[in-house]
Amino acid sequence: MEETQSDSDLIRSTLFYSDQRLCSADILSPVQARARIEVAVLNFLKTLSSPNPAVSDLHLINRRSENCGLRRGLLSDVLSVFLSHSFCRRSLMRANDAKAFVRVWKVMEMCFMILGEDKLVTQRELFYRLLSDSPQYFNSQEQVNSTVQDVVSLLRCTRHSLGLMASSRGAIIGRLILHDPGEESLDCTILGSAGHAISGDFNLLKNLAFQSDARYIIVVEKDAVFQRLSEDRLFNQLPSILITAKGYPDLATRFLLHRLSETFPSITIFALVDWNPAGLAILCTYKFGSISMGLESYRYACNVKWLGLREGDLHLIPESAFLEFKPRDHQISKSLLSSTFLPDSYKMELQTMVEAGRRAEIEALYCHGFDFLGKYIAGKIVQADYI
C-alpha cells in the first residue's frame with residue numbers, strides 16, 4: 001500500500017515514530033555490560049587481523065543539537081530531549097582525535113575491571129585512577145567526563161551499568177518520609193537546614209519508598225537559598241518538599257526528582273532559579289533533560305513549572321542589585337535561543353534578558369527582609385503566577 005504525504009506526516013507526529021528514532025542507553029547488569037565491552041574489543045581485533053588490517057574508527061552517537069528531537073511521554077505531559085541514530089567518529093588516524101580515541105579504550109578497560117570487582121565508583125574517583133595510570137592521556141576531570149559520555153555513546157548503556165556512580169551534590173528536605181529497606185525511616189521535616197544528602201547510588205535511590213502529604217515540590221537552584229528556605233521551615237507553612245542540586249543538576253538529583261514525580265503524580269513541581277541564562281538552562285535540564293546526556297537523561301525529565309525569578313518580578317528588585325551580562329551569559333543565551341525545544345514563553349523571557357543586558361539573582365529579594373522569600377513563593381503559587 002502506497003503511503004500518502006498526509007499519512008507520512010501523521011506517522012511522524014506520533015509518539016511511536018519518535019520512539020523509532022529514539023536512541024537510548026540500556027540499563028544492563030554487570031555481566032551484560034562486560035559482554036558489550038568484550039564485543040567491542042573483539043570487533044576491533046577482528047579488523048586488525050583481517051586480510052586488509054586497519055585500525056577501525058569508533059562510531060559514536062552524535063551528541064550535538066542537530067541530532068536531537070523532542071518527544072512526549074506516553075499518557076503524560078512530560079516533554080524530553082532525545083537523540084537519533086546519527087553518528088560521529090573517533091579515529092586514531094586523525095591527529096586531533098588520536099588521544100580521544102585512546103581515552104575511550106582506557107575508560108572501557110577501567111570499567112571492565114570495576115564491573116569485575118562488583119564495585120561502584122564516582123567519576124571523580126575514576127579521574128584520579130586514570131591520572132595515576134595514564135597521565136599522558138588524562139589531565140582533567142572534563143576529559144574523563146567527556147570520555148565517559150563517549151563510552152556510553154559507543155556501548156549504548158548507562159554509566160551506572162558501567163559501574164560509574166553519580167557524584168551527587170543534591171539535598172532534600174520537607175514533607176517527606178524516606179523508607180530505606182533494612183534501615184530506619186527518615187523524616188525529612190526534622191532535619192537541619194542542610195537537609196538530607198542525596199546518594200549517588202541509583203540502586204539505593206531506586207529502592208527507596210516514599211510517604212508524603214506535600215502538594216508542591218520546589219526545585220531550588222542554589223544551596224544558599226535552599227538553606228534559607230529550610231531554616232525558615234517553608235514546608236511547614238506551605239505543604240512542600242524542597243530539593244536542590246546546588247547548581248547544575250546531577251543525574252542522581254534528577255533521578256530522585258523523577259521518582260517523586262512518578263510516585264506522587266498530583267504534586268506540582270516548581271523551579272526557583274536566578275533570572276539569567278544559566279538559571280534558565282538549569283530549569284530546562286530538569287524539564288527536558290540535556291543533549292550531551294541525551295542517551296540516558298531523557299528518562300529523568302519532569303514537568304517543571306518556572307515559578308521565578310521572572311520578568312514580572314523585577315519590580316521587586318532594587319536597581320543597584322542588577323548585574324551586567326558576562327560573555328558566558330551571551331554564550332548560554334545563544335545556545336538556548338537556537339534550541340528547538342525552548343517554549344515561546346521561555347524565549348520571550350530570555351530575549352528580555354538579552355535585550356536588557358543584565359541579570360538578577362534570587363538573593364536580591366532579601367532587600368525586603370530575610371523572611372520575604374517564603375512569602376514571595378507562597379504568593380506566586382496562590383496566584384498561579386508561573387509558566
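Predicted model: local features only at pLDDT ≥ 70, side-chain atom pairs only at ≥ 80, totals over all residues.

Colleague: How many bridges join E12 to E13, and do the strands run parallel or antiparallel?

Modeller: E12 and strand E13 (residues 240-244) run parallel and are joined by five bridges.

Colleague: What stands opposite valine 219 in E14?

Modeller: Alanine 271 is the residue of E14 opposite valine 219. Strand E14 (residues 268-272) runs parallel to E12, and five bridges join the two.

Colleague: Is E12 mostly covered or exposed?

Modeller: Strand E12 (residues 216-220) is mostly covered, with five of its five residues buried.

Colleague: Which residues point which way from E12?

Modeller: Ile217 and Val219 point one way, while Tyr216, Ile218 and Val220 point the other, and all are buried.

Colleague: What does isoleucine 217 touch, leaving out residues up to four places away in sequence?

Modeller: Isoleucine 217 touches Ile241, Ile243, Leu257, Leu260, Ile267, Thr268, Ile269 and Phe270.

Colleague: Turning to the core, how many residues has the largest nonpolar one, and which have the most contacts inside it?

Modeller: The largest nonpolar core has 80 residues. Those with the most contacts inside it are Leu176, Ile217, Leu229, Leu280, Leu373 and Ile377.

Colleague: Which helix gives the largest share of this core?

Modeller: Helix H11 (residues 277-288) does, with seven residues.

Colleague: And what lies apart from that core?

Modeller: Another core lies apart from it, made up of 34 residues, including Phe44, Ile61, Val104 and Leu130.

Technical notes. Residues numbered from 1 in each chain as written. Heavy atoms only, no water. Core = buried A, V, L, I, M, F, W, Y, C linked by side-chain atoms within 4.5 Å. Buried < 20%, exposed > 50% of the residue type's maximum accessible area, 1.4 Å probe, protein only. Helix = DSSP H or I, 4+ residues; strand = E, 2+ residues; numbered from the N terminus. Contact = heavy atoms within 4.5 Å. Pairing = 2+ DSSP bridges.
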